[in-house]
Amino acid sequence: MVIVNPPVGATVSSVEIPLRREIRVPMRAGRRKLGFQPKCAQERSMGRDKVFPDGWMGFLEERVRKWLRMGEEPVRGGLEPEMAPDHLVVMVHGLVGSAEDWKFAAEQFARRLPHNVIVHLAYFSRNSISHGSECNATLLTFDGVDLMGERLAEEVQSILNRQSGIRKISFVAHSLGGLIARYAIGRLYSPIIKESAHVNGTPSCKDNVLNSGIAGLVPMNFITFASPHLGSGGHNQLPFLCGLPFLERSASEAAHLIVGRTGKHLFLTDSDDGKPPLLIRMAGDDDIKFRSALKSFKRRVAYANANFDHMVGWRTSSIRRQHELPKYHLLVADENYPHIVYVDKGNAQSSCGDPISDLEVHKSDLEEDMIRGLTQLNWERVDVSFQNSKQRYIAHNTIQVKSYWLNSDGADVVSHMIDNFLI
């Protein structure tokens, strides 16, 4: 877990480190903290402190500044407790990912909304709240959507146990992280419990809400970037297979050999205890109130790559049927966000449609079942295209700005997300 903003009441130092020609760093402690080890006896005999001249130390100082910004210590200091943010934003990475994947977006949140949000980057360790290795986080993404979702739910609950003053919560997730976040909010969901207020023995028209939302917090934004909401088993839902039936059938049968239980969940081949596939259950309200948890958020937003995403298809990431996808001649870039080509605010009345049976599973078309369940809620859909970008062939990572040096063209997508973020 990487904490980007300070816990309430924490005593922290200011982020700003004055630049100077020299800096005094404790030799042993400083080098050990940054991962260095003395290379020779001469270095070990130099004493505890040493004054380093400008030059390579300037580079080291910059690394210290970045470490303070994204490391275990909070980046902002000097805020009074009453001014501390009360909105927790949980950012979730995808398959074979790490907390570093959201570094750019987290920095933008911290820079643009420093007094409004506290950003946490999920690290996914078996020890729940962890500063574990990235390798550990990477391997854990093969354990399945349900186990990862359970860990995320425990992680969020642990954050709330340690930090006071949090009233609101939002989730921002990329790729597989969208499914993990959907599972986690189902585990954290608590239905609205109301108690009628009485005035002089007469029921009041106003109710007192005792408990509601996600982990007792007010759910605000649920945002996904290129997430396979409908799984990866449908036609052309895993685009690098080119829509060839033989390859798609082979991928479905072999996925669990490559990415473990996660592969079974993505291709809907799991049948734990004779139940329908997990993603089918997550489109409704079965034992866990997945759909109710989603409905409790004020906004649900799906950012989707309209083309050049070789990992997640346009339909599955935008929760649409093929004929519902915008025609290419309707995709017009926004001058403020050049890679945002279509925005559909959704229909608020769509959540009022006729209910469907949560356990109704049509084996002939599982994708349709998921669409019918998820579209009972209102979704904002934001279509993205990097067609004219040199980074278009890595669109799956560019939409998230996984690495600024490789995926910088996606910065306007992150900016669009923050500009429309409910705080």
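Helix 4 (residues 103-112) and helix 15 (residues 411-419) have axes that come within 10 Å of each other and cross at roughly 45°. Helices here are DSSP runs (H or I, at least four residues), numbered from the N terminus, and their axes are lines fitted to C-alpha atoms over the stretch in contact, with angles from 0 to 180 degrees between N-to-C directions. The pair is therefore oblique, the label for whatever is left once angles under 35 degrees count as roughly parallel, over 145 as roughly antiparallel and 65 to 115 as roughly perpendicular. Helix 4 passes helix 15 in a right-handed crossing, meaning that the near helix is turned clockwise from the far one by less than a right angle. On the helix 4 side, Phe104, Ala105, Gln108, Phe109 and Arg112 make the contact (heavy atoms within 4.5 Å). Helix 15 answers with Ala411, Val414, Ser415, Met417, Ile418 and Asp419. Sorted by class, that contact holds seven nonpolar, two polar and two charged residues; Ala, Val, Leu, Ile, Met, Phe, Trp, Tyr, Cys and Pro count as nonpolar, Asp, Glu, Lys and Arg as charged, and the others, Gly among them, as polar.

All of this comes from a predicted model, in which local features need pLDDT of at least 70 and side-chain atom pairs 80 or more, while totals for chains, interfaces and linings use all residues. Numbering starts from 1 along each chain as its sequence is written, and side-chain values use heavy atoms, with hydrogens and water left out.

Against helix 8, the angle is about 105° with the axes 8 Å apart, which makes helix 6 roughly perpendicular to helix 8.

Helix 8 gives the most, with seven. A pocket is an open set of points on a 1 Å grid over the protein atoms alone where a 1.4 Å probe fits, with protein on both sides within 12 Å along at least five of seven lines; lining residues have an atom within 4 Å of a point. The lining runs to 27 residues, with Leu95, Leu238, Val259, Leu266 and Met311 nearest the centre.

Key. Helices (H or I, at least four residues) and strands (E, at least two) are DSSP runs, numbered from the N terminus.
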